[in-house]
Amino acid sequence: MDDSPIDDRDGGHEVADGTAIDLTTRVRRRVLPTLHRIKEPLGGFAQCIQHPDEYVGTVQYGLGEFRSDLEAMSFAPEPVASLKVHRDGRLSAGSWARRPSPLSTWQLHVALFVDGTDTVDVFAHREYSWLRHPYKHYTAEGWDTTGGVDRMRSLLSRHDVAFRIDRPDR
């Protein structure tokens, strides 16, 4: 993680469409950068740069409506995840996971970013569930970017959630 400043453009509480950032995300935005500074010298982390290869697409409406779509697709807010920082400095506006059951081996993890408009950039990867395999999850063993992106695009299409694929570097 580089030392570039974090850009909290939405003020940490509300995004362009007036949707409030949920309490879990607000707490994660406040606590995890400090925790990261403590853990990093010891070889750990609590925040990371969002990798552009995980870009799924851009949903063409606001965060509040998209959160409802995620719930309809059986995603739940994910409080135990590193804070994702977009390459342009934006902080994630939410972290969500989808597991067939709480004790599933794998989970589909998505990170959401708003960009000052009524759109949401969606990023995804497939990984070991931290509930069942905490060490494998933390060390990113089995991390699957391509599988996560493909699965999320499939879910969006199957649930009639319109999205566009703008730029591979988003």
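Leaving aside neighbours within four places in sequence, Asp-53 is in contact (heavy atoms within 4.5 Å) with Thr-145 and Val-149. The structure is a predicted model, in which local features need pLDDT of at least 70 and side-chain atom pairs count only at pLDDT 80 or more, while totals for chains, interfaces and linings use all residues. Residues are numbered from 1 along each chain as its sequence is written, and side-chain values use heavy atoms, with hydrogens and water left out.

Asp-53 sits in the loop between β1 (47-49) and β2 (55-59); strands are DSSP runs of E with at least two residues, helices are runs of H or I with at least four, and both are numbered from the N terminus. The C-alpha atoms of Asp-53 and Thr-145 are 7.0 Å apart, although 92 residues separate the two along the chain. With a relative accessible area of 53%, Asp-53 is exposed (over 50%; buried means under 20% and partly exposed in between, with a 1.4 Å probe and protein chains only).

Glu-54 belongs to the loop between β1 and β2 as well, yet this residue is buried and has no salt bridge (a side-chain nitrogen of Lys or Arg within 4 Å of a carboxyl oxygen of Asp or Glu). Its nearest side chain of opposite charge is Lys-84, 6.7 Å away; here Lys and Arg count as positive and Asp and Glu as negative, with His and the chain ends not counted. Polar contacts are present instead: the side chain of Glu-54 is joined to that of Gln-50 at 2.9 Å and to that of His-125 at 2.9 Å. Such a contact is a pair of N or O atoms within 3.5 Å; within protein, one must be able to donate a hydrogen and the other to accept it, and residues adjacent in sequence count only if both atoms are side-chain atoms. Beyond four places in sequence, the contacts of Glu-54 include Trp-143, Thr-145 and Val-149.

Turning to helix α2 (residues 63-72), the buried residues are Leu-63, Phe-66, Arg-67, Asp-69 and Leu-70. Seen down the axis of α2, they fall within an arc of 160°, so they line one face of the helix; the arc is that of the directions from the helix axis to the C-beta atoms. Their cover includes β2, β5 (94-98), β6 (106-114), β7 (120-128) and α4 (145-158). Leu-70 touches Phe-75, Trp-96, Val-110, Leu-112 and Met-152, not counting residues up to four places away in sequence.
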